[in-house]
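Q: I would like to learn how to read features off a model. Please take them one at a time.

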Amino acid sequence: MSHTAHIPSHRKPRQRASKSALRAGVAGGVLSTIAVAGAAGPAQAEPVTQTIEMPTITSGFSTAVAASAQATQQVALDLETQADEDAAAEKAAKTAKKAHAEAVRKAEAKKKAEAAAKAEAEAKERAERASRTAERTTLSASSDSTGSSASAPSSSSNVSGSAASIVAFAKAQVGDAYVSGGTGPNAWDCSGLVQAAYRTAGIDLPRVSQSQSTAGTQVSLDNLQPGDILYWGGAGSAYHVAIYVGGGEFVGAQNSSTGTVQRSLDYDRPTGAVRVL
């Protein structure tokens with residue numbers, strides 16, 4: 001082949017510029033037509049509505065919310081309970097304080113009442129002693145004015161008959177208890193013992209000391225005989241009695257502290273005496 005022979009080209013032939021321009025014009029026209037058509041559409045067209053799906057509450061989230069609400073409610077309940085407890089404690093403290101004050105007041109009132117009662121009892125005892133002293137003085141003066149001679153008290157060794165029975169019974173009760181209203185056999189009051197002693201001699205005496213102090217003949221304390229009834233207080237209003245047993249001594253149910261005792265007349269000088277035998 002001649003080196004000058006034509007060699008065909010494998011390149012794609014170039015398109016003409018006019019054809020490219022035509023295609024560009026057609027595409028632009030189509031786009032313009034679409035744009036004009038869109039602009040010429042109805043002005044009141046409804047907008048496109050889209051439905052947005054909300055996220056679904058899962059069971060875990062619901063449980064957490066419920067737990068939080070329950071915890072909040074429990075805290076409120078705890079606060080309310082604490083407030084109630086505080087109020088109850090405050091009320092109890094006030095009540096206790098008031099009760100303590102009332103107890104102190106009552107204790108002080110009781111103490112004052114006991115002190116007043118003790119003072120009254122002591123005053124009464126002093127008055128009774130003064131009365132006994134005055135009555136003894138009166139009896140002594142009366143005995144002196146009648147010319148009675150003083151004689152020594154009779155000895156219990158010379159006692160016989162009914163007086164001996166009375167004296168023996170009285171001495172046998174020494175050591176027994178004193179009980180108000182007691183009539184034996186192991187507990188006595190003063191008039192109960194005297195009545196029982198005289199009953200051994202077949203003599204019935206009145207039950208109470210006031211009546212026993214006038215049951216016989218009044219005798220001087222300087223002329224006593226075993227078996228005579230001694231009394232303390234006024235004749236007919238005596239508050240205590242005992243039995244003279246001779247030798248300057250008496251037996252009597254004195255009080256709850258001493259019981260039935262045998263004592264000297266000087267232990268508690270009687271006011272007067274009566275003789276029943």
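This is a predicted model: local features need pLDDT of at least 70, side-chain atom pairs count only at pLDDT 80 or more; totals for chains, interfaces and linings use all residues.

Q: By the ring-pair rule, how many aromatic pairs does the count come to?
A: A pair of aromatic rings is described by the distance of the centres and the angle of the planes. The rule takes rings of Phe, Tyr and Trp (its six-membered ring) with centres within 6.5 Å; planes under 30 degrees apart are stacked, over 60 edge-to-face, the rest tilted. Here the count comes to 2 aromatic pairs. Phe169 and Trp188 have ring centres 5.9 Å apart and planes at 85°, so this pair is edge-to-face. The pair links distant parts of the chain, 19 residues apart: Phe169 sits in helix α3 (residues 161-172) and Trp188 in strand β2. Trp232 and Phe250 also form an edge-to-face pair, 5.5 Å centre to centre with 65° between the planes.

Q: Which helices and strands does the protein have, and in what order do they run?
A: Helices (H or I, at least four residues) and strands (E, at least two) are DSSP runs, numbered from the N terminus. The protein has 5 helices and 8 strands. From the N terminus on, the order is α-α-α-β-β-α-α-β-β-β-β-β-β.

Q: Is Trp232 buried or exposed?
A: Buried means under 20% relative accessible area, exposed over 50%, partly exposed in between (1.4 Å probe, protein chains only). Trp232 is buried, at 0%. Of the 277 residues of the protein, 22% count as buried.

Q: Which way do the side chains of β4 point?
A: In a regular strand the side chains alternate between the two faces of the sheet. In β4, Ile229 and Tyr231 point one way, Leu230 and Trp232 the other, and all are buried.

Q: Which strands pair with β4?
A: Two strands pair if DSSP finds at least two bridges between them. β4 pairs with strand β5 (residues 240-246) in the antiparallel sense over 4 bridges. There, Trp232 stands opposite His240. β4 also pairs with strand β8 (residues 272-275), antiparallel, over 3 bridges. In β8, Val274 is the bridge partner of Ile229.

Q: Where is Ser213 found, and what is it in contact with?
A: Contact means heavy atoms within 4.5 Å. Ser213 is found in the loop between α5 (209-212) and β3 (217-219). Leaving aside neighbours within four places in sequence, its contacts include Tyr231, Gly236 and Val274. Ser213 is buried, with a relative accessible area of 0%. Its side chain reaches the backbone nitrogen of Gly236 at 2.8 Å.

Q: Where is Arg263 relative to the ring of Tyr267?
A: A charge sits over a ring if NZ of Lys or CZ of Arg is within 6 Å of the ring centre and within 35 degrees of the ring normal. Arg263 lies over the face of Tyr267, at 5.1 Å from the ring centre.

Notes: Residues are numbered from 1 along each chain as its sequence is written. Side-chain values use heavy atoms; hydrogens and water are left out. A polar contact is a pair of N or O atoms within 3.5 Å; within protein, one must be able to donate a hydrogen and the other to accept it, and residues adjacent in sequence count only if both atoms are side-chain atoms.
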